[in-house]
Amino acid sequence: MQSEDRIIHFSTELIHGPAALKKDALQRLYFELSQTRHGYDSTDFSNPLQWRFYSRQGQKAQSIALFLPDRVVLIEEWAAIPLSDFLEKAREFTARVLTARQVPRILAHTATIRSTFALTHYDDSRVFLLDHVCRQEGRIGPFFQRPLSVGGLRFVLPETNEHNGAYHLIIESFRHSRNEVFVEVKGIFGRQQVGSEDTEILLTNIRGVRNFISERIYPYLNQFDRPREEVL
């Protein structure tokens with residue numbers, strides 16, 4: 001398996017107490033961000049319960065800041081930036097959004113990263129995951145009797161005293177590329193509140209999700225991606 005994965009999504013939810021959406025405050029925030037390298041190209045205030053800033057790059061890549069009554073979601077879809085830029089953006093954004101939303105602290109937060117790994121010894125990630133990893137060859141089709149486009153595994157790793165945050169893992173075939181495995185890790189952090197002076201808590205948890213993919217999921221999958229003759 002190729003050790004360098006391809007990150008396609010970053011996001012973080014900043015969950016706070018209920019607060020009314022105030023257009024003038026968000027317009028000021030939009031202007032402030034425009035004075036940094038993390039500004040957005042457009043706004044959309046048409047939905048009264050869901051406002052957003054957004055930018056598009058190329059055919060797929062989007063940067064979105066989504067404002068809801070009890071949270072703000074920062075999203076990089078089909079990410080065109082590296083993790084270091086997303087961390088810098090999250091730091092800049094979080095420190096400013098507390099003022100804009102008129103809330104003292106972020107009560108809980110999430111961090112989600114999606115990436116793909118290219119297989120070395122298999123050309124179909126469905127065969128790799130279902131038939132090889134899960135040993136389901138010949139055991140699905142006779143019962144479902146329908147074509148299968150995506151399949152895989154799901155895990156939930158609860159938060160403990162030794163492990164910060166609950167991790168929700170998805171490992172499945174990637175519908176946009178036959179020989180790539182799709183990985184999603186969503187960390188949910190409910191014990192640590194974040195204020196304008198301690199945004200490093202958020203950044204540390206985002207890094208933790210990234211490291212889990214590189215240091216835990218990659219070696220887990222790589223143990224199965226071997227030449228067929230070795231398996232037999």
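User: What should the 23 residues of helix H5 (residues 200–222) span, and how far apart are its end C-alpha atoms?

Analyst: At 1.5 Å a residue, H5 should span 33 Å, and its end C-alpha atoms are 32 Å apart, which agrees. The expected span is 1.5 Å times one less than the number of residues. Helices (H or I, at least four residues) and strands (E, at least two) are DSSP runs numbered from the N terminus. This is a predicted model, in which local features need pLDDT of at least 70, side-chain atom pairs count only at pLDDT 80 or more, and totals for chains, interfaces and linings use all residues. Residues are numbered from 1 along each chain as its sequence is written, and side-chain values use heavy atoms, with hydrogens and water left out.

User: Where does H5 bend?

Analyst: H5 bends by about 30° at Phe212; the bend is the angle between axes fitted to the seven residues ending there and the seven starting there.

User: How should I read the salt bridge between Glu180 and Arg6?

Analyst: Side chains of opposite charge can pair when their charged atoms come close. A salt bridge is a side-chain nitrogen of Lys or Arg within 4 Å of a carboxyl oxygen of Asp or Glu. Here Glu180 and Arg6 meet at 3.0 Å, N to O. Glu180 lies in strand S9 (residues 180–189) and Arg6 in strand S1 (residues 6–15), so the pair ties together parts 174 residues apart in sequence.

User: Which residues are linked with Lys186 in a network of salt bridges?

Analyst: The network links Lys186 with Glu13, Asp70 and Arg71. Between Lys186 and Glu13, the closest N and O atoms are 3.5 Å apart.
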